[in-house]
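Thanks for coming, everyone. Let me put the structure up, and then we'll walk through it.

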Amino acid sequence: MAARLKRIGEAIYKPMWNTVTDYKDVFVEIGQKAISNPVKSVLLTSLASALGYVSYKNPSDQHYHHNSLHNHHRLSLVHRRVRSKSSQQYIDTAQRLKSLNLLGYRSFGLFSVVYERYNDSECKEYGRVFFSPRWVEYLDR
């Protein structure tokens, strides 16, 4: 029984230790290359940090709608004769599309895209139900 437990322990421990030593070798090589070329390593680290920060600070769908409502409120405080017509149209269109559930939002990590959808996401099964007959209906024909 003890020999079997020893084999099981070795079967679990050996691959895990191989993985640890592989990662150790990788980090040692990265450190050696960073020491040999410090300018390149600083630039790559800065670029990776900047991309990480930008993707972390990318606004979400709820953040966009919160800012849209906040800007609508701020725009409503300005008199009609003074406010920008293009800003008013944008805010009105965004709110109308949001209320009709036709405002789409996609996040790509570094940037987000807000767009107008042409069909409601809740009605995506509509075309499939009425235009795709079931195979049982073919038997009755």
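Asn101 has a relative accessible area of 25%, so it is partly exposed. On terms: buried is under 20% relative accessible area, exposed is over 50%, and partly exposed lies in between, with a 1.4 Å probe and protein chains only. Asn101 is in the loop between α4 and β1, residues 103-107. Its phi is near 60°, a positive value in a residue other than glycine.

A word on the source. This is a predicted model, where local features need pLDDT of at least 70 and side-chain atom pairs count only at pLDDT 80 or more, while totals for chains, interfaces and linings use all residues. Residues are numbered from 1 along each chain as its sequence is written, and side-chain values use heavy atoms, with hydrogens and water left out.

Now the chain. It holds 6 helices and 2 strands. From the N terminus, the order is α-α-α-α-β-β-α-α. Helices here are DSSP runs of H or I with at least four residues, strands are runs of E with at least two, and both are numbered from the N terminus. Of the 141 residues, 11% are buried.

Next, a helix pair. How do α3 and α4 pack? Helix α3, residues 61-76, meets helix α4, residues 85-99, at an angle of about 135°, with the axes 10 Å apart. That makes α3 oblique to α4. For the angle classes, under 35 degrees is roughly parallel, over 145 roughly antiparallel, 65 to 115 roughly perpendicular, and the rest oblique. The axes are lines fitted to C-alpha atoms over the stretch in contact, and angles run from 0 to 180 degrees between N-to-C directions.

Who touches whom? Contact means heavy atoms within 4.5 Å. On the α3 side, the residues include Tyr64, His65, Ser68 and Leu75. On the α4 side, they include Tyr90, Ile91, Ala94 and Lys98. By class, this contact has 6 nonpolar, 7 polar and 2 charged residues. Nonpolar covers Ala, Val, Leu, Ile, Met, Phe, Trp, Tyr, Cys and Pro; charged covers Asp, Glu, Lys and Arg; the others, Gly among them, are polar.

Take Ser68, in helix α3. Is Ser68 buried or exposed? At 9% relative accessibility, Ser68 counts as buried. Leaving out residues up to four places away in sequence, Ser68 touches Ile91 and Ala94. Ser68 and Gln95 sit 27 residues apart in sequence, and 8.1 Å apart in space, C-alpha to C-alpha.

Last, Phe111. At 48% relative accessibility, Phe111 counts as partly exposed. That's my tour; over to you.
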